[in-house]
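Grab your viewer and work through these exercises with the model open. Each one sets a task and then walks through a solution.

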Amino acid sequence: MGTTWGRTVRNERGEARAAPHRIAVLALPGVPPFELGIPSRVFGSAVDSEGRSLYEVTVCTVDGGPVSSDAGFTVRPSAGAEALAGADTVIVPPTHAMPELVLGGPLPPEVAAAVAAIRPGTRLVSICTGSYVLAAAGLLDGRPATTHWHLAPEFRRAYPKVRVDEDVLFVDDGDVLTSAGAAAGVDLCLHMIRRDHGAATANRTARICVVPPWRDGGQAQFIARPVPEPTLADTTATRAWALEHLAEPLTLARLAEHARMSLRTFTRRFRDEVGLTPVQWLTAQRLELAKQLLETTDLPIDLVAHRAGLGSGNSLRAHMRTAFGVSPAAYRRAFGTGADPVPVAGGGGGGRHGM
């Protein structure tokens with residue numbers, strides 16, 4: 001499948017602009033309200049520089065009728081399965097009412113029929129154990145995917161054709177994206193906005209939703225990590241300080257000195273709190289700054305690299321190709337000021353760290 005793009009609408013003056021991207025969220029019986037609400041909240045908050053909605057989100061069920069959530073109340077959708085057939089992106093939250101899927105059983109006939117009606121070219125997304133629905137439909141066969149870490153062993157047994165990675169927050173495989181449990185769905189939705197419309201739009205959306213603007217898909221799910229004692233020093237202040245000094249040489253020793261910790265303690269504490277090494281985190285923050293500069297300025301590539309602390313233009317090019325599969329120039333053409341809100345060719349870069 002390749003993602004469907006390119007629809008346009010015209011205003012009252014006959015001027016063409018990109019139409020909102022149509023998202024259908026499939027509510028199945030036993031859906032958790034939190035995961036169900038994530039797409040509407042995040043994508044519904046995404047607007048362009050003129051305040052126009054970038055996405056049109058529709059919650060649907062297979063027959064258009066209400067379904068019971070797992071929280072004891074009923075969800076009344078605004079559409080039936082026809083919304084799936086007309087969507088550019090289909091998102092499947094979890095269901096806690098289909099135990100047969102845990103054993104690799106088939107989808108109920110009505111659900112299978114609804115999923116089969118999704119057009120080729122539609123982007124497919126699961127949140128948490130919504131991955132079971134996609135897997136049961138055969139849509140994850142041979143693909144990398146993730147799900148909640150606690151259920152990964154049984155998921156792997158039930159769907160052996162899926163290349164499961166339970167150690168990440170989300171996996172972007174271009175036209176099929178899967179996220180880990182609960183809040184990782186927020187990370188995935190913001191990642192999709194960033195991929196579709198650039199970092200500035202994703203950051204603006206995150207501010208509206210009052211959530212962190214970016215957590216890397218390859219970041220660990222923080223499995224079985226204890227919460228640090230509140231009396232112990234942490235690395236929060238040093239991370240905030242580092243964000244203000246990204247253009248400077250930031251060695252591990254300098255970071256540890258700022259945190260007033262030994263190198264060993266700082267490295268361990270940082271990894272426990274962030275899920276990344278200091279070097280991995282710094283590189284990610286510098287790439288994020290570089291993307292913002294590419295989007296909002298016409299600075300030469302070498303100067304962008306310098307201000308982001310990535311050294312030379314060649315270094316920036318290498319980092320961006322590794323992380324996102326595109327060059328700085330291609331990224332600027334797609335997302336720079338005045339650029340049309342279309343994705344860089346190649347979708348998500350073919351892996352877990354798509355744009």
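**Exercise 1: the cores**

Find the largest nonpolar core and the residues with the most contacts inside it.

*Solution.* This is a predicted model, so keep that in mind as you go. The largest nonpolar core holds 32 residues, and those with the most contacts inside it are Leu84, Val90, Leu140, Phe155, Tyr159 and Val162. Next, ask which elements supply two or more residues to this core: they are strand E3 (21-26), helix H2 (82-85), strand E7 (89-92), helix H3 (109-116), helix H4 (131-136) and helix H5 (152-158). H4 gives the largest share, four residues. Now zoom in on valine 162: setting aside neighbours within four places in sequence, this residue touches Ala135, Leu140, Arg143, Ala145 and Phe155. Finally, look for a second, separate core; that one has 31 residues, including Val25, Leu36, Tyr55 and Val186.

**Exercise 2: a helix crossing**

Work out how helix H11 (residues 278-296) and helix H13 (residues 313-324) are oriented to each other.

*Solution.* Start with the axes: those of H11 and H13 come within 11 Å and cross at roughly 105°. Angles of 65 to 115 degrees count as roughly perpendicular, so H11 and H13 are roughly perpendicular to each other. Then list who makes the contact: H11 brings Thr283, Leu287, Ala290, Lys291 and Leu294, while H13 brings Leu316, His319, Met320, Ala323 and Phe324. Sorted by class, that contact of H11 with H13 has seven nonpolar, two polar and one charged residues.

**Exercise 3: the inside of H7**

Which residues of helix H7 (residues 199-209) are buried, and what do they pack against?

*Solution.* First pick out the buried residues of H7: Ala199, Thr201, Ala202, Asn203, Thr205, Ala206 and Cys209. Then look at their partners, which are helix H1 (33-43), helix H6 (184-197), H11 and helix H14 (328-335).

**Exercise 4: the whole chain**

Sum up the chain by its helices and strands, its buried share, its contacts and its accessible surface.

*Solution.* Count elements to begin with: there are 14 helices and twelve strands. Of the 355 residues in the chain, 51% are buried. For contacts, take residues at least 6 apart in sequence; 64% of those contacts join residues at least 24 apart. The accessible surface comes to about 16000 Å², and carbon and sulfur atoms account for 55% of that surface.

Methods. Residues are numbered from 1 along each chain as its sequence is written. This is a predicted model: local features need pLDDT of at least 70, side-chain atom pairs count only at pLDDT 80 or more; totals for chains, interfaces and linings use all residues. Side-chain values use heavy atoms; hydrogens and water are left out. Axes are lines fitted to C-alpha atoms, for helices over the stretch in contact, and angles run from 0 to 180 degrees between N-to-C directions. Angles under 35 degrees count as roughly parallel, over 145 as roughly antiparallel, 65 to 115 as roughly perpendicular and the rest as oblique. Contact means heavy atoms within 4.5 Å. Ala, Val, Leu, Ile, Met, Phe, Trp, Tyr, Cys and Pro count as nonpolar, Asp, Glu, Lys and Arg as charged, and the others, Gly among them, as polar. Buried means under 20% relative accessible area, exposed over 50%, partly exposed in between (1.4 Å probe, protein chains only). Accessible areas come from the Shrake-Rupley method with a 1.4 Å probe; for residues, only the protein chains shown count as cover. A nonpolar core is a set of buried Ala, Val, Leu, Ile, Met, Phe, Trp, Tyr and Cys residues joined through side-chain atoms within 4.5 Å.
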